[in-house]
Amino acid sequence: MEIREQRHGAVTVLRPVGPLVATDAKDFAHRLAQAGARSLGRLVLDASAIPFVDSAGLTALADAAQDVAQNGQLLRVCGANETLREVLDLTELAAHFEHFQDVSDAARSFL
Amino acid sequence: MSQPALQARTSRPTALGSRRSVLLVLAALLAAPLLSVVAFGLWGMSLAKATLMEQRRDALAALSETLAPTAGVLIEHDEVTRLRTLVAATAREHDLARCAVILSDGRVLADSDPNRITVQQPPATWQDAAAPRAPGTDDPELLTHSTRFDVPEHGTASLLVAAHLVPSAPQAWPAMGLLGAISLVAAVGLLAIHRWAISILRPLGAIQGALRARARGETSLAALGISPRWGPEAAAWNAFLADQEALNLRLLDHRHAETSGALRTGDSMIERACDTLNQGLIVVDSLLKVRYANGAAAVLLQTKKPQMPGRALADLVKDEPVLSLAKSVADKAGRRRGSVEVDRHVKDERSVLRFSATRASQDGGFICVLIEDLTQQRVADKARDAFVTHATHELRTPLTNILLYIETLQEDGQNDPAVRGKCINVINQETRRLERMVNDMLSVSEIEAGSLKLMTDDVRLDAVFEELRADYEHAAAEKKITLTFDLPPKLPVIRGDRDKLLMALHNLVGNAIKYTPAGGSVAIKIEASESNLVVRVSDTGIGIAPEDAARIFEKFYRAKDRRIAKIPGTGLGLTLAREVIRLHGGDITVESQMDRGSTFTLSLPTSPSATGANFARAA
């Protein structure tokens, strides 16, 4: 899985490309934590290129959301497709994320 | 009133009342079996006495019947001495009150009491007479039996035996022993019942008293507790009270922590509330040591939250203005509140943080430092300023040209058709340029506002690329640039907004031709799969510096390269192109090398289930 990093103003946008599954979950969680710490929490997860997640990927997402929540924020996620959103709804994890339609909206939320 | 006095008032009457009740119950419990035992004893004694009397009476009768013939024989043969010896021995041997031989005329021939003998020798004959009652036999406590017998040729006589009703001690011993044993067993049983009842009722009575005291409002564990020596019930009651007390203490501690000590440690409600803040919050004491920090503060200061309490503020914040501010606010003579903004650069990451310090206690005992991340706001402010500057500049340039050529037209164009034609042509070009710019700005504004709508329909990609080729063939030829389209034999039909997709492709291809010097080349390569379309626009142009490549998609941003200063452009084209592609669920990325050229890669999902298009339609 390739994880692209973009800047949107002062906001770091991580854009994983490909399914978020067990083989990538650890690296994904590490990159997410690293980018969040470096950008002082100004982090957006662009999920538009994640077609689906497995349980390990879901765990990584939940852990990341929990880490961010400890710092007074919700993990901002944008562009999640129907599949991902349905998985998050079914597992009752959707409430742990702040959902945006696209990166611009998510970045503007830091204003 | 002191607490012990209150306890005495509330607990003593309860204890007394409880004991009185217990004693009454115990008395009732004891009296019933005791009376039963006494009645049983009396009944047993009377029964034993009757039995003994019957046995005694039978024994006397048998003795009398046995002795009478012998006495008759002895009288007949004048063996008076032997008769009297027999009578005395019989009386002694059988514990008789009296044993006597009485002639029918009433004279006593032999008696166990010699003083009662009235005739020394038996007469030859004697007549029957109404014998008076034998003396010594009128005692109602005596059992008597008289056996009449004949003395041949002399007359008749009677053998009288008398014995006391109450048996002698040796005879009563078995019955008395049995009765005593029964009484002893009953007494021991009663004692055991008494002790058992006491052991059961004492803690219950005490618990009852404690419950009544609790109902009256007593809450002290010392007053409500009972002696643990009173058994397991007492221990269970005391354990219950101890649990209640512990629970109350925990509740008190919890409330205390929530109301007063919550900011130090622990997982209190206030701490959890502080952790939900976006802003960092640090509480420092008068020595500027951190007493509490929330999660956002840890993130903004790039440290771990558990490592913050106890550390000096100077260890966490190196910026001198912040430390000066904190010292000033902590000083009682200093200002009560203040704020500073600091620019921080950590590992190429630039942040703008505002530290606001407020003295939270009159004596400067502790101060609160609020940290706000203004980075994104500053970036947005800068972008807005740049937007205004660029927009003003870009709008002014064509307007200036239009005004200039209108003046020329007014002055010289009326007489010179060539000048007039040139002026009208320039005015026309600049007006179109102005229109494009305004349209681009409107599009950007719509995207920013989220109101840009995609007019989704089937898009024939082969037609799109044919149109693109036709549009730029002439321009490329003019600049002597080789323009090539590498298309697959068959291109899919996708869902999307044709005009906006075409606008994005126009921007990429137009830029490639614009920034490629004469003699260069521009290649458009299309790769189409079942789910994805990738368009690569490569040129051999001037290239983009890495620091510019990261920002060229920002509104009005133009690279700092001097070579492009004279090339017209609004800085909106790439912004629009990428936003439009993102609305379709795709993206545009760039790879470039200075003086070697650039490659813009446009990726677009061809499946209608992809994300962006759905979102756009939903919006």
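**A walk through a predicted two-chain model**

In chain B of this predicted model, residues 24 or more positions apart account for 57% of the contacts with a separation of 6 or more. Chain B has 619 residues, of which 27% count as buried, and its secondary structure comprises 16 helices and 16 strands.

Chain A can be described in the same terms. Of its 111 residues, 48% are buried, and among its contacts between residues at least 6 apart in sequence, 67% join residues at least 24 apart. The secondary structure of chain A consists of four helices and five strands, and read from the N terminus these elements follow the order β-β-α-β-α-β-α-β-α.

The two chains touch each other, with 22 residues of chain A in contact with 28 residues of chain B. On the chain B side, the elements that contribute two or more residues to this contact are α7 (295-300), β8 (349-359), α10 (375-413) and α16 (611-618). Sorted by class, that side of chain B has 13 polar residues, 10 nonpolar residues and five charged residues.

Helix α1 (residues 22-38) and helix α2 (residues 55-69) of chain A have axes that come within 8 Å and cross at roughly 15°. Because angles under 35 degrees count as roughly parallel, α1(A) and α2(A) are roughly parallel to each other, and α1(A) passes α2(A) in a right-handed crossing. From α1(A), the contact draws on A:A22, A:A25, A:F28, A:A29, A:L32, A:A33 and A:G36, while α2(A) supplies A:A56, A:G57, A:T59, A:A60, A:D63, A:A64, A:D67 and A:V68. By class, this contact of α1(A) with α2(A) is made up of 10 nonpolar, three polar and two charged residues.

The axes of helix α12 (residues 461-478) and helix α13 (residues 498-514) of chain B come within 11 Å and cross at roughly 30°, an angle that makes α12(B) roughly parallel to α13(B). The crossing in which α12(B) passes α13(B) is right-handed. On the α12(B) side the contact is made by B:V464, B:E467, B:L468, B:Y472, B:A475 and B:A476, and on the α13(B) side by B:R498, B:L501, B:L502, B:L505, B:V509 and B:I513. The contact of α12(B) with α13(B) has 10 nonpolar residues and two charged residues, with no polar residues.

Helix α13(B) can also be considered by itself. Its 17 residues reach 23 Å from the first C-alpha to the last, which is close to the 24 Å expected at 1.5 Å a residue. The buried residues of α13(B) are B:K500, B:L501, B:A504, B:L505, B:N507, B:L508, B:V509, B:N511 and B:A512.

From the helices, the reader can turn to individual loop positions, of which B:G571 is one, lying between α14 (546-549) and α15 (573-583) of chain B. With 19 other C-beta atoms within 10 Å, B:G571 is partly exposed, because a residue counts as buried if 20 or more such atoms lie within that distance. Leaving aside its neighbours within four places in sequence, B:G571 is in contact with B:H390, B:K555, B:F556, B:Y557 and B:R558. Its C-alpha is also 8.3 Å from that of B:F553, a residue 18 positions away in sequence.

The backbone angle phi gives a further reason to look at the loops. Most residues other than glycine have a negative phi. In chain A, however, A:E92 has a positive phi near 60° although it is not a glycine. A:E92 lies in the loop between α3 (82-90) and β5 (97-100) of chain A, where it is exposed, with 8 other C-beta atoms within 10 Å. In chain B, B:Q302 is likewise not a glycine and has a positive phi of about 55°. B:Q302 is found in the loop between α7 and α8 (313-316) of chain B, and with 15 C-beta neighbours inside 10 Å it counts as partly exposed.

Definitions and conventions. Residues are numbered from 1 along each chain as its sequence is written. Chains are lettered from A and ligands numbered from 1 in the order in which they are written. This is a predicted model: local features need pLDDT of at least 70, side-chain atom pairs count only at pLDDT 80 or more; totals for chains, interfaces and linings use all residues. Two residues are in contact if their C-beta atoms, placed from the backbone, lie within 7 Å. Ala, Val, Leu, Ile, Met, Phe, Trp, Tyr, Cys and Pro count as nonpolar, Asp, Glu, Lys and Arg as charged, and the others, Gly among them, as polar. A residue is buried if 20 or more other C-beta atoms lie within 10 Å of its own, exposed if 12 or fewer, and partly exposed in between; C-beta atoms are placed from the backbone. Axes are lines fitted to C-alpha atoms, for helices over the stretch in contact, and angles run from 0 to 180 degrees between N-to-C directions. Angles under 35 degrees count as roughly parallel, over 145 as roughly antiparallel, 65 to 115 as roughly perpendicular and the rest as oblique. A crossing is left-handed if the near helix is turned anticlockwise from the far one by less than a right angle, and right-handed if clockwise. The expected span of a helix is 1.5 Å times one less than its number of residues.
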